Amino acid sequence: MRISYIEDVDKWRSTFTFFIPIKVRFSETDLFGHMNNTASFIYFEQARIEYLKSLGLFNSSGEIEAIPVVSDLQCNYLKQVYFDQTLHVYVKAQHVGNTSADIHYMVLDDKQEIALTGRGRLVYIHVQTGKPVPLEESMKEALLHQ
């Protein structure tokens, strides 16, 4: 397996701790029962939101001045995934910058083998201006010490 954002897959895999289980729904498959390639991005989103909630970084109440937006997202498809399989979708912050975080995803199939990998950049932007804003130190700490 050669993926540009993963140097050592075993070391990379061992650093994930947060995951959510997802069962592949019929509506997410094609005529042959394979998971549609767009479903992975929905799974990534679902896991990312739960991950941010678990860190206390996804709050929809009160006055919100900055929000995380996805600036890029990619997926590598390594194994076929089928209807009714239960997947474990892992997510972690790989790198945290001044205004953004590089988020990595690992999806294990029901045999605990890597079926999908992914990465993307979350940028925190001001809700009024749309311009990037610096991450608070508490946010950086939460992301770095998950």
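**Exercise 1. Find the volume of the second largest pocket, its lining, and the elements and residue classes that supply it.**

Step 1. The second largest pocket has a volume of about 160 Å³. On a 1 Å grid over the protein atoms alone, a pocket is an open set of points where a 1.4 Å probe fits, with protein on both sides within 12 Å along at least five of seven lines, whereas a cavity is a set from which the probe cannot get out. The volume is the space filled by probe spheres set on the points, which are joined across faces, edges and corners.

Before going on, please keep in mind that this is a predicted model, in which local features need pLDDT of at least 70 and side-chain atom pairs count only at pLDDT 80 or more, while totals for chains, interfaces and linings use all residues. Residues are numbered from 1 along each chain as its sequence is written, and side-chain values use heavy atoms, with hydrogens and water left out.

Step 2. Lining residues have an atom within 4 Å of a point. Here they are Tyr5, Ile6, Glu7, Asp8, Lys11, Trp12, Thr15, Lys92 and Gln94.

Step 3. Helix H1 (9-14) and S3 are the elements that give two or more residues to this lining. Helices (H or I, at least four residues) and strands (E, at least two) are DSSP runs, numbered from the N terminus.

Step 4. By class, the lining of the second largest pocket holds 4 charged, 3 nonpolar and 2 polar residues. Asp, Glu, Lys and Arg count as charged, Ala, Val, Leu, Ile, Met, Phe, Trp, Tyr, Cys and Pro as nonpolar, and the others, Gly among them, as polar.

**Exercise 2. Classify the ring pair of phenylalanine 26 and phenylalanine 83, and say what the pair ties together.**

Step 1. A pair of aromatic rings is described by the distance of the centres and the angle of the planes. Rings of Phe, Tyr and Trp (its six-membered ring) pair if their centres lie within 6.5 Å; planes under 30 degrees apart count as stacked, over 60 as edge-to-face and the rest as tilted.

Step 2. By this rule the count is 7 aromatic pairs. In the pair of phenylalanine 26 and phenylalanine 83 the centres are 5.7 Å apart and the planes stand at 90 degrees, so the pair is edge-to-face.

Step 3. Phenylalanine 26 belongs to the loop between strand S1 (18-23) and helix H2 (39-54), and phenylalanine 83 to the loop between strand S2 (66-77) and strand S3 (86-96), so the pair ties together parts that are 57 residues apart in sequence.

Step 4. Phenylalanine 26 is exposed at 63% relative accessibility, and phenylalanine 83 is partly exposed at 39%. Buried means under 20% relative accessible area, exposed over 50% and partly exposed in between (1.4 Å probe, protein chains only).

**Exercise 3. Work out how S1 is covered and which strand it pairs with.**

Step 1. In a regular strand the side chains alternate between the two faces of the sheet. On S1, Phe18, Ile20 and Ile22 make the covered face, and Phe19, Pro21 and Lys23 the uncovered one.

Step 2. S1 pairs with S3 in the antiparallel sense over 6 bridges; two strands pair if DSSP finds at least two bridges between them. Proline 21 stands opposite histidine 88 in S3.
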